[in-house]
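Open the model in your viewer and keep the selection panel at hand. This tour goes from one stop to the next.

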Amino acid sequence: MLSLSCFSQATPYVNPNVRASESLSGYWKYIVDPYENGYYNYRLEPFEEQEDTSRNAFFTDSKPRDRSELIEYDFDLSDSIYVPGDWNTQKEKLFFYEGTVWYRRLFNSTIKDPANRVFLSFGAANYKADVYLNGQKLGSHTGGFTPFSFEITSLLKDTVNSLVVKVDNKRLKDGVPTVNTDWWNYGGITRDVNLLETPSTFIEGFSIQLERDDPGHIVGLVQLNGIDRSGSEVEVHIPELGKSVLLKTDEKGKASFRTSVDSLRLWSVNDPKLYKVIFNTKEDTITDMVGFRTITVKGRDILLNDRPVFLKGISIHEESPIRGGRAHSKADARQLLGWAKELGCNFVRLAHYPHNEHMVRLADSLGILVWEEIPVYWTISWENEATYENAANQLQELIRRDRNRASVIIWSMANETPTSNARNRFLTDLAELTRSLDPTRLISAALEQSSYQGDPWVRTIEDDFARVTDILSFNQYIGWYDGLPDKAEKISWKIQQNKPVFISEFGGGAKQGYFGDKHTRWTEDYQEYLYEENIKMLSSIEQLRGMSPWILVDFRSPRRMLPKIQDGWNRKGLISEEGIKKKAFYTLQKYYLSKE
Ligand code: GCB
């Protein structure tokens, strides 16, 4: 069962997917501010920390009061940009920009009941967001891929409200991720922004799922927020099952439950059954669609509802092919997961950070299993406590958002991180935190392989963190960074851990439409050959239980600048950025369709 601490973050997350909301999507005004002139005075002191805040602070959204006043910015006269969306692909001049951009949106309050509370909810903003309403700071959020909200009840005006958001996507050495990644650092308010109205005491969060060791029971908990949170009645209602459970909250506003169920249709890949679940209090109602299933590991098998499953997967970056830029919409999710389905997948690895919520909700309804991960990637500052806190916070925000998604079966802690004591401690702490928040799902990390006892032809996994994970996952690039594709048949694997093996990455680049012989790098033929040889090699690992090759679609990366071939794109996609399938797509498809 999920732990209560998952709810206890400083600000509640009010999820627009389970209650009525008003979208603030649309064109917002923006000001590019590379020197953070709207944030600091000329002595580099933050305006917001001065007693008498200057009206030149951009978040005050000021206009000259008379014809003499000096105000050196004007949102009304500035250009507009669409929210949600990254700035890089919307404005040519911002393509390579990394720094601060200020956003402003005016809105009228449409609050229905003055006794209600109002929240502002962001799906994500990359990387740091400072949020102000009517000149007052609501708070800030760090981490580019997880949702956050702020209460705005006391600041909301009946007339026009000015919402200003400072978004800064500068890469930071001690950040999560750190400065070095293989993806584009898209900046901006990249996901939906919503206004939500709740009663004065409202349902802040809930979890509901099948009990891990007893699928005859549903377990869960509810957290209320507000003045009347303690001693309140909550009804958990699943109409289709004829189930209704009445609870009373404790002094902290929490209530947990366990109730028997029979004739439940379990959520599975072939039958992704979702039940409508309704939570009612005297004042509040929220509704969600939830699937019930178990996911466990037994020896070398992964069991979905107690039955072995082979994870036919693909890795995906959160990029919208064809339109370009960060993906954020339901339509983007439909395109990406539609291709995964066509490929024959029952599994996707959402790399290398939490993707938007539409992806996991659609995976729930399509019957696709999901690996989710946080951007603990390559060379994180393992010794830095604040870096750990940041990673842990992103993980908690992800779990809080997706704990009711049946599709999500694996929380991944990290990708290709070099082993050291500090790193092992960091990851082990993250894994412990994850288990305390959610002991029902599996834990993994994309590890690295090495030679067995110095023999380059025998490969193994030597990593202390492998002791902690439920699944032994690793990336390997035989045929691309490590020899040519024909090397694969000469390699054997000596896996020493008695765990299911999952290959979280393999692959190679091809420029769509470039053909040649199978030894010519960048041709579709080379990539096809690489897939054929890798699939053969990996199939010889007796305990292989799945894979998510790298990657579904070509994606933008500043590390990939080879002219005429890469031009700023990592070409390991099975599909080009224009949506055209390469030969290797069909190689993998054939393999997946032939597998149970
Ligand atoms: C990796 C990384 C991935 C890169 C990929 C590559 O191992 O995990 O983020 O994009 O290799 O293409 O080199």
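Predicted model: local features only at pLDDT ≥ 70, side-chain atom pairs only at ≥ 80, totals over all residues.

**Stop 1: the domains.** Colour the chain by domain. Select 14-198 for domain 1, 202-283 for domain 2 and 306-594 for domain 3.

**Stop 2: domain 1 against domain 2.** Show domain 1 and domain 2 together. Their C-alpha centres are 35 Å apart. Five residues of domain 1 and four residues of domain 2 make the contact. The two domains bury about 360 Å² between them. Carbon and sulfur atoms account for 60% of that area.

Between domain 1 and domain 2, two residue pairs are in polar contact, both at pLDDT 80 or more. Colour the domain 1 side by residue class. Where domain 1 touches domain 2, its residues comprise two nonpolar, one polar and two charged.

**Stop 3: the ligand.** The shell holds 14 residues. D182, Y377, E416, Y481 and K572 are the closest. By class, this shell has five nonpolar, four polar and five charged residues.

**Stop 4: side chains facing ligand oxygens.** Which distance separates a ligand oxygen from an N or O atom in the side chain of E416? The value is 2.3 Å. Next, pick N415: an N or O atom of its side chain is 2.8 Å from an oxygen atom of the ligand. Then pick E505, where a side-chain N or O atom also sits 2.8 Å from a ligand oxygen.

Finish with the ligand surface. Taken alone, the ligand exposes 320 Å². How much of that does the protein bury? The protein buries 97% of it.

How values were computed:
Residues numbered from 1 in each chain as written. Heavy atoms only, no water. Domains from an automatic or database assignment. Contact = heavy atoms within 4.5 Å. Buried area = accessible area lost by both parts, 1.4 Å probe. Polar contact = N/O pair within 3.5 Å; in protein donor to acceptor, adjacent residues only side chain to side chain. Nonpolar A, V, L, I, M, F, W, Y, C, P; charged D, E, K, R; others polar. Near = heavy atom within 4 Å. Areas by Shrake-Rupley, 256 points an atom, 1.4 Å probe, with all protein chains shown as cover.
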